[in-house]
Amino acid sequence: MPTVIDLQRAEDPRDIVYLAVQALAEGKVIALPTETVYGLAASVLCADAVQRMTELKRKLEEQTPTGGKPRTEYSLAIAVKSADEAIDYMCHDSPLAIRFARRCWPGPVTLVVPCDPTRSAASCFPEAVRELVVSQSGHIGVRVVAHRLFEQLQKYCAGPIVICSANRCGSPSTTTGVAVVEQFGDDVPLVVDDGPTRYGGPSTVVRANGNQFKIIREGVVETAAIRQYARPSIVLVCTGNTCRSPMAEALLKKRIDERFGNSPSGAIIPSVSSVGLAAMPGDQAATQAVDVMRERGLDISGHESQPFGEQTIRSADLILTMTRSHRNAILQRWPHAQDRVFTVRRDGGDISDPVGSPVQIYQACADQIDRELAQWVESLGPEWLAISESGEEGENQ
């Protein structure tokens with residue numbers, strides 16, 4: 001029987017991490033819990049172990065005749081530490097793929113992206129491993145697992161961990177360590193048991209090419225949620241989110257609709273929202289701002305202010321601030337977002353705050369904002385549409 005270690009009853013979980021890291025380094029295939037289902041795992045540096053995973057995945061009656069080459073089309077994925085690391089395996093500039101990575105990970109989504117193994121970080125894998133993890137169509141499955149064990153393992157592993165679901169092809173997914181033992185017995189020497197998995201079902205698999213995506217398999221993340229993850233997002237930022245940014249939000253929504261209103265079927269146009277760096281949640285838009293927008297046929301009377309926060313940084317593809325000081329304040333806290341944060345004024349100048357001013361000043365402010373936004377919208381190319389391809393494809397990661 002395999003060695004089964006109960007993670008929940010361990011006196012020191014670090015001992016289990018050590019044993020798992022050692023087993024992977026020795027070229028063993030082991031079973032580990034994830035937040036979705038249990039998975040088989042092998043070191044990306046051990047070609048024999050990765051090959052063994054593909055053999056374990058097959059039912060006995062499906063194994064190739066003696067001397068034949070084992071089937072390799074069973075989808076393997078690589079588990080990496082972060083979205084930033086995943087980008088090293090993407091060979092095409094895809095804002096959509098990066099958007100999925102930023103919004104979905106760590107979490108129960110496997111992202112399938114184009115990968116040229118000679119030009120990506122996959123070039124560091126043994127050749128036999130590259131042949132197994134990169135499909136014939138030139139794609140690789142990548143995932144950032146949301147489980148505390150993987151987070152610790154990947155601190156000590158020399159490279160990514162190759163994973164696949166811990167079940168024979170055609171058999172049910174395993175959501176407990178006991179179920180893994182029932183299916184594989186002695187074929188898997190080490191099983192780390194963490195009880196039932198969080199979601200009790202497989203990850204959702206999404207393929208992203210350029211600005212197009214396809215749900216290859218719907219798992220625990222439903223199609224509606226994936227479409228929301230795919231949707232480009234633009235956020236307008238001011239101080240209190242009651243004057244400039246609510247007006248900018250309404251004006252930009254109108255221009256986005258005009259720009260992308262006749263997009264092809266399946267296109268998902270950008271969402272537009274506004275926040276404030278010092279906003280009090282639920283404050284209404286200034287009366288003057290409401291009146292000025294009403295004159296333009298736009299209604300912001302139901303606006304409720306929202307504060308800027310971590311979720312904004314994680315989800316926004318483009319952040320436009322009213323002043324340089326707003327931009328600087330954001331980048332001081334989140335410097336990694338510098339390629340997504342700009343001032344509304346394309347010359348880097350400020351949009352002055354009209355708070356407390358007569359309606360004429362609000363009108364002039366709205367005119368200035370609208371002129372600048374018109375230029376921004378004109379600069380948005382096809383990549384600002386996420387195109388959904390319909391249909392699902394067989395069994396995958």
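Q: What are the ground rules here?
A: The model is predicted: local features need pLDDT of at least 70, side-chain atom pairs count only at pLDDT 80 or more, and totals for chains, interfaces and linings use all residues. Residues are numbered from 1 along each chain as its sequence is written, and side-chain values use heavy atoms, without hydrogens and water.

Q: How is a pair of aromatic rings described?
A: By the distance of the centres and the angle of the planes. Rings of Phe, Tyr and Trp (its six-membered ring) pair if their centres lie within 6.5 Å; planes under 30 degrees apart are stacked, over 60 edge-to-face, the rest tilted. The count here is 4 aromatic pairs. Take Phe-100 and Phe-213: centres 5.7 Å apart, planes at 75°, so edge-to-face. Phe-100 sits in helix H4 and Phe-213 in strand E10, 113 residues apart. Helices (H or I, at least four residues) and strands (E, at least two) are DSSP runs, numbered from the N terminus.

Q: Are Phe-100 and Phe-213 buried or exposed?
A: Both are buried. Buried means under 20% relative accessible area, exposed over 50%, partly exposed in between (1.4 Å probe, protein chains only).

Q: Where does Arg-346 lie?
A: Over the face of Trp-376, at 4.5 Å from the ring centre. The rule: NZ of Lys or CZ of Arg within 6 Å of the ring centre and within 35 degrees of the ring normal.

Q: Which peptide bond is cis?
A: Trp-105 to Pro-106, with omega near -10°. Pro-106 is in the loop between helix H4 and strand E5.

Q: What is the phi of Asn-241?
A: Positive, about 60°, although Asn-241 is not a glycine. Asn-241 is buried, at 0% relative accessibility.
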